Amino acid sequence: MNDFYRRLITGIVGVGLVIPALILSPYGLWFFAMVVSMVSLYEYYQGMGIQEGRYKWPALALGLIFWVMVVLQDLLSLPEHILLYLVLAILPVLQIITLYDSSEKRPVERVSTILMGYVYVILPFFLMYQIGAKLYTPYNFYLPLGILVLTWTLDVMAYIFGRFLGGPLLFERVSPKKTWSGAMGGAISCLIVGLLMQYFLGGFDWWIVAIILSVTSQLGDLIESMFKRSVKLKDSGTVLPGHGGMLDRFDGLFTALPFLYLYFLLA
């Protein structure tokens, strides 16, 4: 129960910080997406062994430059291709850094792991910023906030159902604690909240968002568990008491957001 209360307190504090930021402006959404993705990227590199300063800090700096360019593009009305040029320059820069490291024995593996961090961690939250600030104008905080509310509902109810009902394991090979009762309880709860949002808020097909999240977010949770198990990690970090790291807290969204972006793009 101590773990449950730590999770609860951390969740309340986190929600109290995130909701005002999203309501404030699209730049609040930008700041939230930037912080989550950059802390998660740091944790990812730590877990995957990118700990040497000659790789980790340049890789993190490139990620931060990307986020700065995202907001400057909006503030200064810069051409969209500026951001594309920066993305295209990342791989050559990493290759040059590796070229001048005479001690590196596995350059392809090293560069691939770094690039995977950008795709796995930064891209999804960039897409979340695009969903909230670009696909629909003027800015409507209900959209990113609604995605988070449904995600929180899924995670919290999956934890509660799994904790108190137990039962058969969902995917024992990568996660020895997640159960079918937790997965189904979380999914049903998420759908119910989605239907309530559809009825009271309208604007978007929240029940479809809930279905997409219920499947892809739980798969994302399992994917992160698979990554951690491959490097023998229990938690990605300790920044969020009771939850582990930022990567642990938002693992489902890293997989769900590309699917949600595609849905909103085509809807």
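Helix 1, helix 2 (26-47), helix 6 and helix 9 each contribute at least two residues to the lining of the second largest pocket. Helices (H or I, at least four residues) and strands (E, at least two) are DSSP runs, numbered from the N terminus. The model is predicted: local features need pLDDT of at least 70, side-chain atom pairs count only at pLDDT 80 or more, and totals for chains, interfaces and linings use all residues. Residues are numbered from 1 along each chain as its sequence is written, and side-chain values use heavy atoms, with hydrogens and water left out.

The second largest pocket has a volume of about 730 Å³. A pocket is an open set of points on a 1 Å grid over the protein atoms alone, where a 1.4 Å probe fits, with protein on both sides within 12 Å along at least five of seven lines; lining residues have an atom within 4 Å of a point. Grid points are joined across faces, edges and corners, and a volume is the space filled by probe spheres set on the points. Helix 1 gives the largest share of this lining, twelve residues. The lining comprises 26 residues, and Thr-10, Gly-11, Gly-14, Val-15 and Arg-249 lie nearest the pocket centre. By class, 19 are nonpolar, five polar and two charged. Ala, Val, Leu, Ile, Met, Phe, Trp, Tyr, Cys and Pro count as nonpolar, Asp, Glu, Lys and Arg as charged, and the others, Gly among them, as polar.

The largest pocket holds about 1100 Å³ of space. Of its 36 lining residues, Arg-7, Ser-175, Lys-177, Lys-178 and Asp-221 are the closest to its centre. Helix 8 (206-230) is among the elements that each supply at least two lining residues. Its share, eight residues, is the largest. The lining of the largest pocket divides into eleven nonpolar, ten polar and 15 charged residues.

Strand 2 also supplies at least two residues of that lining. Strand 2 (residues 175-179) pairs with strand 1 (residues 169-171) in the antiparallel sense over two bridges. Pairing requires at least two bridges found by DSSP. Ser-175 is the bridge partner of Phe-171. Three residues separate the two strands in a hairpin.

The contact of helix 6 with helix 7 has eleven nonpolar, nine polar and no charged residues.
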